[in-house]
Amino acid sequence: MRTTRREVVDPHFVLRVVDCTDQHAHWSPPETTSDAQVVLVRRGRFRLESRGRRVTIDPTTGYLHPPGHETRFAHPAGGDTCTSITLPGHALTAGVEAARSPAVRVDARLELAHRALLRTGADPAFAGAEAVVDLLRLALRRHPGDAPAPGSHDLADRAREAVLADDPGGTGLVALAHLLETSPSHLSRTFRHHVGMTVSRYRNRVRISRALRRIDEGETNLASLAFDLGFSDQAHFTRTMRRELGHAPGRVRALLGGESR
């Protein structure tokens, strides 16, 4: 079941915050839209099938839904909370290659911009057009390695799933390769190309995503947060967040301060 928690309707776009409480491993009937959408996840994860590709969608990976394309969904891991930004017709996808993967790479800076945008909800200027355009610019920018690559996208996605699920067999590259029945070198090349970073960097990206969610929800004990997320100490947590975001945890807490949404 989907529930729209908040909605902003502008002459040029519609922004919705949507809660999905579905939990089913089977694929939904195909869905289409006459408009283009970018969807970013704040909490949880689900599976998407579009244009012959199956992708895991979570706070590190959003998706682009072009007009007229069929998309199916599965929720084997429970519910989620997403932000959808809809633009009429082909306004959002003009110039975007038809063969492009539906996945939208969400680095830590884009995730922080997403959460900070929603934090302005108490202001009458919530989701102003300029802020939304800036968010879309970050979401749709090209990355190195976006061209077709060797190796299977499915292998990279299964590796992401194992990291997201905290699978005990996927604590490092060698263990993860063993779990996925492939070689570490093949997994490393495939993962780096399709995900845009090493397995180790991605694991830290997931940790920082979880830190952003916890801080967004009001967490103030940074030492305890670092321990919960698996960092060796608070200094390691701080170094990693600075590298991913350009901000220390204290600054991020100030940017996301206030009551959780």
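In strand β7, Phe73 is the bridge partner of Leu48. This is a predicted model, in which local features need pLDDT of at least 70, side-chain atom pairs count only at pLDDT 80 or more, and totals for chains, interfaces and linings use all residues. Residues are numbered from 1 along each chain as its sequence is written, and side-chain values use heavy atoms, with hydrogens and water left out.

**Exercise 1.** Find how many bridges join β4 to β7, and in which direction the two strands run.

*Solution.* Start with the terms: strands (E, at least two residues) and helices (H or I, at least four) are DSSP runs, numbered from the N terminus. Two strands pair if DSSP finds at least two bridges between them. Now look at β4, residues 46–50: four bridges join β4 to β7, and the two run antiparallel.

**Exercise 2.** Work out the strand order of the open sheet, and why one side of β5 and of β7 has no neighbour there.

*Solution.* First, read the order: β5-β4-β7, with antiparallel pairing. Next, β5 (53–57) and β7 (71–74) are at the edges with a single partner strand each, so one side of each lacks a neighbour in the sheet. Finally, the twist from one strand to the next averages 25° (axes are lines fitted to C-alpha atoms, for helices over the stretch in contact; angles run from 0 to 180 degrees between N-to-C directions).

**Exercise 3.** Which strands does helix α3 touch?

*Solution.* Take contact as heavy atoms within 4.5 Å. Helix α3, residues 153–164, packs on the sheet and touches β4 and β5. Its direction makes about 20° with that of β5.
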